[in-house]
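Please read these notes with the model open beside you.

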Amino acid sequence: GTPSPTFQWRKDGVAIAGATGASLTLGSIALADAGSYTVVATNLLGSATSPAATITFPPTIIAQPVGLTVNEGAAATFTVTASSTAPLTYVWMKAFPDTIESSGATGTTSATLTLPRTVPSDAGSYVVRIGNSAGFVTSNPAVLVVNSRPTITTHPLGRVFTAGESVSLAVVAAGPPPLTYQW
């Protein structure tokens with residue numbers, strides 16, 4: 001413009017003290033520098049404001065989800081703490097040996113995943129994928145162990161015996177170790 005304009009840089013609408021040049025340099029930026037930057041060019045005839053330039057950081061996990069051991073039927077709650085430029089999205093997934101699937105997971109938009117009434121099939125590793133417009137990060141796996149009641153898979157078989165004959169009865173049970181038996 002004529003006459004030459006002066007400049008004032010703003011972060012999130014607030015003037016930045018001393019930022020009055022045609023360019024703005026931020027050295028060693030940190031999370032506190034995230035935001036929307038504009039510059040206002042002003043001369044005797046008026047002013048013009050630039051479109052916003054946004055600085056966004058990808059998420060960083062501050063506290064990983066921690067593994068849990070619960071009894072069948074109890075609630076299991078995983079929590080993650082992340083920092084970054086908002087808004088953050090969270091997708092909780094159950095990890096399988098070669099894949100990660102989100103089916104069966106709830107609380108997929110929160111930093112917390114709660115399984116209200118655990119069943120043995122809920123046992124496994126859970127991860128959370130946290131994202132924003134700058135990227136995403138996946139947590140370390142948190143292992144859920146669900147203690148369950150034992151079940152008898154093969155019942156003892158009875159038959160007719162003769163007095164003095166040896167008798168052997170057997171049972172097969174499944175469940176988390178250690179299993180104990182009381183006849």
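Is V167 buried, partly exposed or exposed?

1. Basis. This is a predicted model: local features need pLDDT of at least 70, side-chain atom pairs count only at pLDDT 80 or more, and totals for chains, interfaces and linings use all residues. Residues are numbered from 1 along each chain as its sequence is written, and side-chain values use heavy atoms, with hydrogens and water left out.

2. V167. This residue is partly exposed, because its relative accessibility is 47%. (Buried means under 20% relative accessible area, exposed over 50%, partly exposed in between, with a 1.4 Å probe and protein chains only.) V167 sits in the loop between β16 (151-154) and β17 (172-174). Strands are DSSP runs of E, at least two residues, numbered from the N terminus.

3. T118. Here the loop runs between β12 (112-115) and β13 (124-132). T118 is buried, at 1% relative accessible area. A polar atom of its side chain lies 2.9 Å from the backbone oxygen of A74. The backbone oxygen of N71 is 3.4 Å from a polar atom of that side chain. Residues that T118 touches (heavy atoms within 4.5 Å) include V70, G73, L144 and V146.

4. Core. The largest nonpolar core has 16 residues. Such a core is a set of buried Ala, Val, Leu, Ile, Met, Phe, Trp, Tyr and Cys residues joined through side-chain atoms within 4.5 Å. F78, V80, Y90, W92, I130 and L144 touch the most other members. Two or more residues each come from β8 (76-79), β10 (89-95), β12, β13 and β15 (142-147).

Note on methods: Helix = DSSP H or I, 4+ residues; strand = E, 2+ residues; numbered from the N terminus. Polar contact = N/O pair within 3.5 Å; in protein donor to acceptor, adjacent residues only side chain to side chain. Lists of a residue's contacts leave out its neighbours within four places in sequence.
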